[in-house]
Each structure stands twice: as C-alpha cells, then as structure tokens.
Amino acid sequence: MTIEAVQAFFTSHAPGIKTIELDASTATVALAAQAHGVEVGLGRQTLLTVIRRYGS
C-alpha cells in the first residue's frame, strides 16, 4: 500500500488522523518500534485503539 493510499483512506474515513513519513525502515514490527522510539507492543496497542475508535 502506498503512502498516498493510506493518506486517502484516513482522509475519507478518519480525517482527524495525520500520517507521518519516516526516513527509517518500518518494514517489520521491530524496525517500526525502533523508528518510533517505543517498545515493540506499543505500536500494536496504538493501532488497535485507532481501529476501535474509528471502526474498521
């Protein structure tokens, strides 16, 4: 999925959510957590919170 597709999805389904682009790789859970400076499980928890709030 491209960044443009993700931005379009959030614009139409959850306009209050902003997307960010990182220079670091986020190809795996471990790399994404490292890139955001959080523990591995926190990204999953955040995503689930967003899904629960805005629906899927």
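Aromatic pairs. I searched the whole structure and got one aromatic pair. It is formed by phenylalanine 9 and phenylalanine 10, with ring centres 5.5 Å apart and planes at 75 degrees, so I logged the pair as edge-to-face. The cut-off for that label is over 60 degrees. I also checked cover on phenylalanine 9: its relative accessible area is 43%, so I put it down as partly exposed.

Confidence. I'm reminding myself that this is a predicted model. The mean pLDDT of the protein is 78, with 73% of residues at 70 or more. Helix H1 (residues 3-13) has the highest confidence, at a mean of 87, while helix H3 (residues 40-54) has the lowest, at 63.

Layout. I counted three helices and zero strands, and the order from the N terminus is α-α-α.

Surface. Of the 56 residues, 5% count as buried. I noted an accessible surface of about 4700 Å², with 58% of that belonging to carbon and sulfur atoms.

Serine 25. Where does serine 25 sit? I found it in the loop between H1 and helix H2 (29-36). Its relative accessibility is 40%, so serine 25 goes down as partly exposed. Skipping neighbours within four places in sequence, I listed Leu31, Ala32 and Ala35 as its contacts. For alanine 35, which is 10 residues away along the chain, the C-alpha atom is 7.1 Å from that of serine 25. I also looked at the side chain of serine 25: one of its polar atoms lies 3.2 Å from the backbone nitrogen of alanine 27.

Conventions:
Residues are numbered from 1 along each chain as its sequence is written. This is a predicted model: local features need pLDDT of at least 70, side-chain atom pairs count only at pLDDT 80 or more; totals for chains, interfaces and linings use all residues. Side-chain values use heavy atoms; hydrogens and water are left out. Rings of Phe, Tyr and Trp (its six-membered ring) pair if their centres lie within 6.5 Å; planes under 30 degrees apart count as stacked, over 60 as edge-to-face and the rest as tilted. Buried means under 20% relative accessible area, exposed over 50%, partly exposed in between (1.4 Å probe, protein chains only). Helices (H or I, at least four residues) and strands (E, at least two) are DSSP runs, numbered from the N terminus. Accessible areas come from the Shrake-Rupley method with a 1.4 Å probe; for residues, only the protein chains shown count as cover. pLDDT is the predictor's confidence in each residue, from 0 to 100. Contact means heavy atoms within 4.5 Å. A polar contact is a pair of N or O atoms within 3.5 Å; within protein, one must be able to donate a hydrogen and the other to accept it, and residues adjacent in sequence count only if both atoms are side-chain atoms.
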